[in-house]
Amino acid sequence: MNSPRRQSREIALKALYQAEVNGSDFLESLNQLVIDVLFAPAVETVVREFLKTTKATEILSGKVEEFIPDFVDFISPRIHDEPNDLKLHIKKVLEQHFAGVTVNESFQPELQGLLDLLIKRMNKQIVIEKFAQDIINNIVENNNFIEEIIEKTANNWSLQRMATIDRNILKISVCEFFYFPSIPVKATINEAIELAKKYSTDRSYEFVNGILDKISKENKLIKTTNKPAKETDAGIN
């Protein structure tokens, strides 16, 4: 299973790629990806677990498989709402499919249990989202510096000549080098190699590894950088 940080990097990489290909805003691409690939699958897992244990006759006698996608589509974009608002959203979609279930007194503990489980699971996903947001925000804010470092080190390779995936893996990695002081350089390089192996061409990982190794040595990067950098680490391992 991917670590939380690796999931964050993968989402950030996909967001950068989609934004370049579609000409869209980086953060808009990221937000949509977070809903689609991070929140929605987790919401579906939670609601399916709930449906396995519910004793509500209204639900048991209803069309459950029609309810699940509606629940996921309605709740996933609203994960950041306050708990009371989130509970109202849950009640709304439940009532649309199983009329009367949310006013049944015996159902209230189940409703609260669903809300609590959803919040618990989503808290883990939000940590992943936060780290991906930190990566994208730092790339956007420091893009000129990051691109300058890459082009200076890549010699005959301009950014435009690089494969889009490789270029964005390098951007994420250089961003971590200089703006995430708590992440060891070796960890960043290893993660970049894994991303290149998974998402790019067969030999791309060698290209990425060579440039990042050269950047780390030329800038005397070990575990932290001497360059003043604001701490943006999301606090996940």
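Reader: What volume does the second largest pocket have?
Author: Rolling a probe the size of a water molecule over the atoms shows where empty space is left. Here the second largest pocket has a volume of about 170 Å³. This is a predicted model, in which local features need pLDDT of at least 70, side-chain atom pairs count only at pLDDT 80 or more, and totals for chains, interfaces and linings use all residues. Residues are numbered from 1 along each chain as its sequence is written, and side-chain values use heavy atoms, with hydrogens and water left out.

Reader: How are a pocket, a cavity and a lining residue defined?
Author: Work on a 1 Å grid over the protein atoms alone. A cavity is a set of points where a 1.4 Å probe fits but cannot get out. A pocket is an open set with protein on both sides within 12 Å along at least five of seven lines. Lining residues have an atom within 4 Å of a point. Points are joined across faces, edges and corners, and a volume is the space filled by probe spheres set on them.

Reader: Which residues line the second largest pocket?
Author: Gln7, Glu10, Ile11, Lys14, Val37, Leu38, Pro41, Ala42, Thr45 and Gln125. H2 gives the largest share, five residues. Helices (H or I, at least four residues) and strands (E, at least two) are DSSP runs, numbered from the N terminus. By class, the lining has five nonpolar, three polar and two charged residues. Nonpolar means Ala, Val, Leu, Ile, Met, Phe, Trp, Tyr, Cys and Pro; charged means Asp, Glu, Lys and Arg; the others, Gly among them, are polar.

Reader: How many cavities of 30 Å³ or more does a search of the whole structure find?
Author: One. The largest cavity has a volume of about 30 Å³. Its lining is Arg9, Ile169, Ile172, Ser173, Glu176, Thr188, Glu191, Ala192 and Leu195. The classes are four nonpolar, two polar and three charged.

Reader: Glu191 lines that cavity. Which residue forms a salt bridge with Glu191?
Author: Side chains of opposite charge can pair when their charged atoms come close. Glu191 pairs with Arg6, the closest N and O atoms being 2.8 Å apart. The pair links distant parts of the chain: Glu191 sits in helix H9, Arg6 in helix H1, 185 residues apart. The structure holds twelve salt bridges (a side-chain nitrogen of Lys or Arg within 4 Å of a carboxyl oxygen of Asp or Glu).

Reader: At what angle do the axes of H6 and H8 cross?
Author: Two packed helices are described by the angle between their axes and the distance between the axes. The axes of helix H6 (residues 108-141) and H8 come within 10 Å and cross at roughly 90 degrees. H6 and H8 are therefore roughly perpendicular. Phe131, Ile135, Asn138 and Ile139 of H6 meet Lys171, Ile172, Cys175, Glu176 and Tyr179 of H8. Contact means heavy atoms within 4.5 Å. This contact has six nonpolar, one polar and two charged residues.

Reader: What are the rules for axes and angles?
Author: Axes are lines fitted to C-alpha atoms, for helices over the stretch in contact, and angles run from 0 to 180 degrees between N-to-C directions. Under 35 degrees counts as roughly parallel, over 145 as roughly antiparallel, 65 to 115 as roughly perpendicular and the rest as oblique.

Reader: At what angle does H7 cross H8?
Author: The axes of helix H7 (residues 143-153) and H8 cross at roughly 110 degrees and come within 10 Å. H7 and H8 are therefore roughly perpendicular too. The contact residues of H8 include Leu170, Val174 and Phe178.
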